[in-house]
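Subject: A structure for you to look at

Hi there,

Here is the structure I promised to pass on. Have a look through it first, and then read my notes below.

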Amino acid sequence: MMWLWLCAAVLFGAVEAATAGLVSVWFAVGSLGAFFAALGGLNVTFQLVIFAAVSALALAVTRPLVARFGRSRHEPTNLDRVIGRTAGVTEDIDNDAATGAVYVDGKTWTARSAGGEVIPAGSRVQIQRMEGVKLFVKKSEEKAEVVS
């Protein structure tokens, strides 16, 4: 059994080395624990219990550290930048005619009315959601000058 545990540790280690994230390092550590249990002459049931316990302990110890120190920076996307913002309507928004454009964050976007009403150019709108490359907007109370 000790050779089986040693092979398992190597296999889990190889899987870990081949991946970008922590996916099997805990099982490699658990396999080493079971390997030493097999070396000590413990029966297979105890080896399995030690494998599970050491793997769980390794997971419990390392996962919070990885979560705290391994966080990647969040890069905002266009969606993050424009949802909830106010934009100027540059082309009448008419869902039936499939027309409409707004200007926000230095870009002109295709726009549709979230409520279905026609929104004339020069109006201010608030961006509600994005579907594909279209912004769905609702009319805001502010007036805006048209930006071309």
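Let me start with a question: does E131 count as buried, partly exposed or exposed, and at what relative accessibility? E131 counts as partly exposed, because its relative accessibility is 42% (buried means under 20% relative accessible area, exposed over 50%, partly exposed in between, with a 1.4 Å probe and protein chains only).

Before going on, a word on the model. It is a predicted one, so local features need pLDDT of at least 70 and side-chain atom pairs count only at pLDDT 80 or more, while totals for chains, interfaces and linings use all residues. Residues are numbered from 1 along each chain as its sequence is written, and side-chain values use heavy atoms, with hydrogens and water left out.

**Salt bridges**

Searching the whole structure turns up two salt bridges (a side-chain nitrogen of Lys or Arg within 4 Å of a carboxyl oxygen of Asp or Glu). In one, the side chains of D105 and R85 meet, at 3.8 Å from N to O. This pair links distant parts of the chain, 20 residues apart: D105 is in the loop between β2 (99–104) and β3 (107–113), and R85 is in the loop between α4 (78–82) and β1 (86–94). (Helices are DSSP runs of H or I with at least four residues, strands are runs of E with at least two, and both are numbered from the N terminus.) D105 is partly exposed at 32% relative accessible area, and R85 is partly exposed at 35%.

E131 has a salt bridge with R129, where the closest N and O atoms are 2.8 Å apart. R129 is partly exposed, at 35% relative accessibility. The charged end of R129 also sits over the ring of F136, 4.2 Å from its centre (for this, NZ of Lys or CZ of Arg must be within 6 Å of the ring centre and within 35 degrees of the ring normal).

**Aromatic rings**

A pair of aromatic rings is described by the distance of the centres and the angle of the planes. Rings of Phe, Tyr and Trp (its six-membered ring) pair if their centres lie within 6.5 Å; planes under 30 degrees apart count as stacked, over 60 as edge-to-face and the rest as tilted. The whole structure holds four aromatic pairs. For F12 and F27, the ring centres are 5.5 Å apart and the planes are at 45°, so this pair is tilted. F12 lies in helix α1 (residues 2–18) and F27 in helix α2 (residues 25–39), so to speak from distant parts of the chain, 15 residues apart. F12 is partly exposed at 23% relative accessibility, and F27 is partly exposed at 35%.

F35 and F36 have ring centres 5.3 Å apart and planes at 65°, which makes the pair edge-to-face. F35 is buried at 12% relative accessible area, whereas F36 is exposed at 55%. One aromatic cluster is formed by W5, F12, F27 and F51.

**Around helix α3**

S55 lies in helix α3 (residues 44–69) and is buried, with 5% relative accessible area. Leaving out residues up to four places away in sequence, S55 touches W26, F27 and G30 (contact means heavy atoms within 4.5 Å).

Happy exploring!
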